[in-house]
Protein chains: 2
Amino acid sequence: MDKKEISSAFIQLQNEIIAALENADGKGKFRKDTWTRTEGGGGITAIIQDGNILEKGGVNFSEVEGPMHEKVGKMLGISATEFYATGVSIVIHPKNPFVPIIHMNIRYFEVNTGEYWFGGGIDLTPHYIVKEQAQYFHRQLKDTCDKTDTAFYSKFKIWADDYFFIPHRNETRGIGGIFFDRLNHESTSFSKEKLFDFVINVGKTFAPVYTHLMKLNAEKPFNEDNKRWQLLRRGRYVEFNLVYDKGTRFGLETGGRIESILMSLPAQASWEYDVTPQKNSPESLTSELLVKGVNWLELS
Amino acid sequence: MDKKEISSAFIQLQNEIIAALENADGKGKFRKDTWTRTEGGGGITAIIQDGNILEKGGVNFSEVEGPMHEKVGKMLGISATEFYATGVSIVIHPKNPFVPIIHMNIRYFEVNTGEYWFGGGIDLTPHYIVKEQAQYFHRQLKDTCDKTDTAFYSKFKIWADDYFFIPHRNETRGIGGIFFDRLNHESTSFSKEKLFDFVINVGKTFAPVYTHLMKLNAEKPFNEDNKRWQLLRRGRYVEFNLVYDKGTRFGLETGGRIESILMSLPAQASWEYDVTPQKNSPESLTSELLVKGVNWLELS
């Protein structure tokens with residue numbers, strides 16, 4: 001299967017997700033910027049700001065290609081002279097603290113020596129964890145994974161726990177989800193077509209799941225304490241993205257389009273010195289669940 | 001001269017600076033937390049939040065020692081088994097957008113093979129650059145440097161331009177200042193005592209300079225546009241500190257006390273997509289000056 005088939009499907013997915021989010025938001029409209037990259041390729045960055053429910057977010061498509069820099073080849077452990085990469089990346093920060101932050105990414109990479117792989121993931125960062133919703137989220141991801149391989153969910157769930165982790169805080173970014181990388185015929189025994197179907201299924205899981213969570217929570221009343229907590233949790237999101245997120249750091253180091261990369265940062269975030277939530281408060285109960293290895297499917 | 005002489009002087013300096021800032025602020029009081037480090041040493045973190053003029057900041061002292069980790073030795077390019085490090089670190093975020101953000105650090109480091117050095121710096125990040133104040137700031141730093149060596153200022157000013165730079169934004173963090181590292185007898189031909197005097201002089205420059213800038217600007221009226229710009233500039237400050245600042249990244253990677261390290265982050269920061277200030281606006285005039293190599297002493 002050709003890379004153009006993949007990138008076309010990614011563009012279509014971007015448009016479907018934009019439509020679903022605009023429809024669920026009811027007010028916000030995505031602004032689309034098309035950009036090109038000197039060395040080859042470009043992208044379509046779609047940003048929403050100040051919607052009804054969505055405060056700030058991006059649904060970005062990119063398709064870049066060109067000479068493979070030595071540094072990048074070294075980082076990836078491959079020796080090739082030309083690369084091609086296409087993907088869809090999403091981060092959404094809602095206004096209401098009871099609506100979770102969400103992130104989704106699917107990507108395809110190939111080099112001129114014939115090697116290729118798919119990668120991606122979805123993870124959810126609720127400011128306040130609602131166990132039923134966490135269960136729902138992971139259940140949907142498991143259903144999506146199971147369509148391709150019943151071993152995928154548990155493997156990719158652990159991968160997400162490890163990836164979306166903030167070592168200096170010793171806490172997970174949120175309730176995790178799935179994360180996977182370097183999926184190809186060699187690593188999975190599945191055909192390229194089957195793996196393509198898998199990542200498209202992951203991408204198609206995003207809109208119904210997130211719009212459902214928007215509807216469930218967007219009307220909930222919130223107070224100043226809730227807002228304060230949301231801004232602090234967003235501070236942690238900023239810490240993760242700027243210090244650890246490989247995609248972000250890779251983009252910053254290789255001269256990617258900054259405004260597209262940093263669309264993941266919230267409209268507002270805050271830091272206070274040494275905050276410890278009161279025992280048994282909703283904030284404290286959420287903090288206690290920000291650990292690896294929680295079985296969200298069977299949480300009691 | 002003994003390390004204890006140095007750390008005592010640093011503690012005294014911390015207290016002098018705290019007193020001067022509390023006096024200039026008129027309302028805010030520093031909260032002091034003493035902490036210890038499992039492997040040896042500890043510190044005194046002093047944080048101010050929600051003062052009259054100062055919104056959030058820290059004046060931190062630390063004195064840590066113990067076995068030198070291989071990774072750290074490699075980073076520093078030295079082979080020793082034990083280290084000792086003491087320093088004072090300051091970051092202050094004011095409320096009023098017309099008061100600049102300031103950072104100061106002085107530090108002393110030695111290892112059990114006899115090697116030692118001093119390092120540090122001061123840099124200023126005005127949300128709005130006022131040329132006379134930029135000149136005043138650099139003039140004070142030059143005067144302080146000149147007491148030890150008339151070659152220091154121009155050398156350390158360039159070093160600050162290079163250090164306090166955000167490559168992915170292609171802009172400096174602010175108007176720079178001075179930055180220096182690895183000052184010892186070998187690198188400067190000055191005695192250890194003389195270099196100690198220099199870093200203490202740098203430390204003593206902080207309070208009069210910053211309280212002067214507080215007084216000049218704290219009463220200036222500001223509007224929502226000014227506040228919005230301040231939050232965006234703080235976003236850049238967060239980007240610099242989390243992505244590039246060596247002290248911050250070193251602290252995060254080596255398991256330093258997180259709340260002390262991240263005191264440098266503002267109470268609130270914001271990110272908006274693709275903001276370009278209007279031509280000839282104060283915001284645009286400030287942005288245009290965020291470049292390396294400006295001669296602030298003779299700016300017309």
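**Close-up views of a predicted two-chain model**

**View 1. The hairpin of E2(B) and E3(B).** Asp50(B) takes a positive phi near 60° in the hairpin of E2(B) and E3(B), where four residues lie between the strands. The model is predicted: local features need pLDDT of at least 70, side-chain atom pairs count only at pLDDT 80 or more, and totals for chains, interfaces and linings use all residues. Residues are numbered from 1 along each chain as its sequence is written, while chains are lettered from A and ligands numbered from 1 in the order in which they are written. Helices (H or I, at least four residues) and strands (E, at least two) are DSSP runs, numbered from the N terminus. E2(B) and E3(B), the latter spanning residues 54-67, pair antiparallel over seven bridges. Two strands pair if DSSP finds at least two bridges between them. Gln49(B) has Lys56(B) of E3(B) as its bridge partner. Ile47(B) stands opposite Gly58(B) in E3(B).

**View 2. Strand E3(B) and its surroundings.** Ten of the 14 residues of E3(B) are buried, so this strand is largely enclosed by the rest of the structure. Buried means that 20 or more other C-beta atoms lie within 10 Å of the residue's own; exposed means 12 or fewer, and partly exposed lies in between, with C-beta atoms placed from the backbone. E3(B) runs antiparallel to E4(B), and 13 bridges join them. Phe61(B) has Val88(B) of E4(B) as its bridge partner.

View 3. Seven strands form an open sheet in the order E1-E2-E3-E4-E5-E6-E9 (chain B), with antiparallel pairing. E1 (31-36) and E9 (176-183) of chain B stand at the edges; each has a single partner strand, so one side of each is left without a neighbour in the sheet. On average, neighbouring strands of this sheet are turned by 5° against each other, direction ignored. Helix H6 (residues 192-217) of chain B packs on the sheet and touches E4 (82-94), E5 (101-111), E6 (116-125) and E9 of chain B. The direction of H6(B) makes about 20° with that of E6(B). Axes are lines fitted to C-alpha atoms, for helices over the stretch in contact, and angles run from 0 to 180 degrees between N-to-C directions.

**View 4. Lys155(B) in helix H4(B).** Lys155(B) is found in H4 (residues 152-163) of chain B. It counts as partly exposed, with 14 C-beta neighbours inside 10 Å. Its C-alpha atom is separated by 28 Å from that of Asp2(B), 153 residues apart along the chain.

**View 5. The contact between the chains.** The contact takes 23 residues from chain A and 23 residues from chain B. Residues are in contact if their C-beta atoms, placed from the backbone, lie within 7 Å. On the side of chain B that touches chain A, H7(B) gives the largest share, four residues. By class, that side has 14 nonpolar, four polar and five charged residues. Ala, Val, Leu, Ile, Met, Phe, Trp, Tyr, Cys and Pro count as nonpolar, Asp, Glu, Lys and Arg as charged, and the others, Gly among them, as polar. Three bridges join E10 (residues 268-270) of chain A to E10(B), and these strands run antiparallel. Ala269(A) stands opposite Ala269(B).

**View 6. Helix H7(A).** Buried residues of H7(A) include Trp229(A), Tyr237(A) and Phe240(A).

Definitions and conventions
Contact = placed C-beta atoms within 7 Å.
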